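Notebook open, model loaded. I'm jotting down what I look up as I go.

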Amino acid sequence: MLLYMSQPQEATSPPLHSVSVAGVVVREDGRLLAIRRADNGTWELPGGVLELDETPEAGVAREVLEETGIHVEVDELTGVYKNTTRGIVALVFRCKPSGGTERTSDESTAVSWLTPNEVSERMSEVYAIRLLDALDGNGPHVRSHDGKQLIPTG
């Protein structure tokens, strides 16, 4: 035991997480704003990493505008989602469009207003659920996934 105690102990580093924000932008006709990402071609919500000096609501408004050209009013937090593989915690907010014109950006190759059915068809489950959760009015939801599938709660 004395030998063990005299050996230098390796320090374990704390887990690193990043916080991202995303907006479920709902038009009056019920269509939802989505982007096709430039880096991997998948359909997702507009959003990204929260800056250190901004509130979550300001981050959502900034990210949606940067990626889509649409200005939003942030309504409420509808879910918290953790990607357990990448260590990303996403805060998702329901928003209303308040101006602007749809356009692509360096981060998006397409911007589209989708029906809930189109969301389910185009997006993987781990991203589609975020939009669908925002519509059900029972949030905020808390879910985890591994990047491919949801991890059951409980």
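Predicted model: local features only at pLDDT ≥ 70, side-chain atom pairs only at ≥ 80, totals over all residues.

How many strands form the open sheet, and in what order? I find 3 strands in the order β3-β2-β7, with antiparallel pairing. Residues are numbered from 1 along each chain as its sequence is written, and side-chain values use heavy atoms, with hydrogens and water left out.

**Terms for the sheet.** Strands (E, at least two residues) and helices (H or I, at least four) are DSSP runs numbered from the N terminus. I call two strands paired if DSSP finds at least two bridges between them.

I checked the pairings next. β2 and β3 are joined in the antiparallel sense over 2 bridges, and I35 sits opposite E44 in β3. β2 and β7 are also antiparallel, over 6 bridges, with A34 opposite S112 in β7.

**Is β7 buried or exposed?** I count a residue as buried under 20% relative accessible area, exposed over 50%, and partly exposed in between (1.4 Å probe, protein chains only). In β7, 5 of the 7 residues are buried, so the strand is largely enclosed by the rest of the structure.

T115 lies in the loop between β7 and α3 (116–122). T115 is partly exposed, at a relative accessible area of 22%.

**T68.** This one is in helix α2 and counts as buried, at 0% relative accessibility. What lies 2.6 Å from a polar atom of the T68 side chain? I find the backbone oxygen of V64 there. With contact meaning heavy atoms within 4.5 Å, and neighbours within four places in sequence set aside, T68 touches L33, I35, P46, T101, E102, R103 and V111.

**Largest nonpolar core.** My working meaning is a set of buried Ala, Val, Leu, Ile, Met, Phe, Trp, Tyr and Cys residues joined through side-chain atoms within 4.5 Å. The largest one has 20 residues, and V24, L32, L45, V92, V119, M123 and L131 have the most contacts inside it. Which elements give two or more residues to this core? They are β1 (18–25), β2 (32–37), β6 (88–100), β7 (108–114) and α4 (125–136). α4 gives the most, with 6 residues. A second, separate core has 14 residues, including V21, L33, V64 and I70.

**L45 up close.** Again skipping neighbours within four places in sequence, I get contacts from L45 to A22, G23, V24, L33, I35, E67, V92, M123, R130 and L131.

**β5, β8 and β9.** β5 (residues 70–83) and β8 (residues 141–145) run parallel, joined by 5 bridges. K82 stands opposite S144 in β8. β8 then runs antiparallel to β9 (residues 150–151), over 2 bridges, and H145 has L150 in β9 as its bridge partner. β8 and β9 make a hairpin with 4 residues between them, and G147 in the turn has a positive phi of about 100°.

Methods
Polar contact = N/O pair within 3.5 Å; in protein donor to acceptor, adjacent residues only side chain to side chain.
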